[in-house]
Amino acid sequence: MRDRKSVLMVIYDLPTLTSEQRRDAQKFRKKLIASGFLSLQESVYVKLLRNASGADSEVAAVQQLAPREGVVQVIPMSLQVFQNMRTLTGEGFNMKVFADDLIFF
């Protein structure tokens, strides 16, 4: 079976009551972006992976970045499942940002 492209979604809810917590939350967000994640919504980031087998190493990398306080969750999914996402209100995620040599619409 051919290994298929996948998407890793990171969802987080971090405390921001103190200046240290705000700094940690901002640092985490910046590290996600530097690691290739794109913002889907506030506190929801996604990254396109070349294959599903790379998800475990990406999850481990996010775990290393995550602050000690708060909740950080990851959802690995196939690209096909991600493309089935429907925006009901507001401006949705522009799938064309994933339009590189990996995706053919």
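Predicted model: local features only at pLDDT ≥ 70, side-chain atom pairs only at ≥ 80, totals over all residues.
Trainee: In what order do the strands of the open sheet stand, and how are they paired?

Mentor: In general, strands of a sheet pair through backbone hydrogen bonds, in either a parallel or an antiparallel manner. Here the open sheet has 4 strands in the order 2-3-1-4, and the pairing is antiparallel. Strand 2 (38-41) and strand 4 (71-78) are at the edges with a single partner strand each, so one side of each has no neighbour in the sheet. From one strand to the next, the twist averages 30 degrees.

Trainee: How many bridges join strand 1 to strand 4, and which residue of strand 4 stands opposite M9?

Mentor: Strand 1 (residues 6-13) and strand 4 run antiparallel and are joined by 8 bridges, while the residue opposite M9 is I75.

Trainee: Which residue forms a salt bridge with E58, and is E58 buried or exposed?

Mentor: The structure holds 1 salt bridge, formed by E58 with K47, whose closest N and O atoms are 3.1 Å apart. Because E58 belongs to helix 2 and K47 to strand 3, the pair ties together parts that are 11 residues apart in sequence. Buried means under 20% relative accessible area, so E58, at 18%, is buried, and K47, at 14%, also counts as buried.

Terms used:
Residues numbered from 1 in each chain as written. Heavy atoms only, no water. Pairing = 2+ DSSP bridges. Helix = DSSP H or I, 4+ residues; strand = E, 2+ residues; numbered from the N terminus. Axes fitted to C-alpha atoms, helices over the stretch in contact; angles between N-to-C directions. Salt bridge = Lys/Arg side-chain N within 4 Å of Asp/Glu carboxyl O. Buried < 20%, exposed > 50% of the residue type's maximum accessible area, 1.4 Å probe, protein only.
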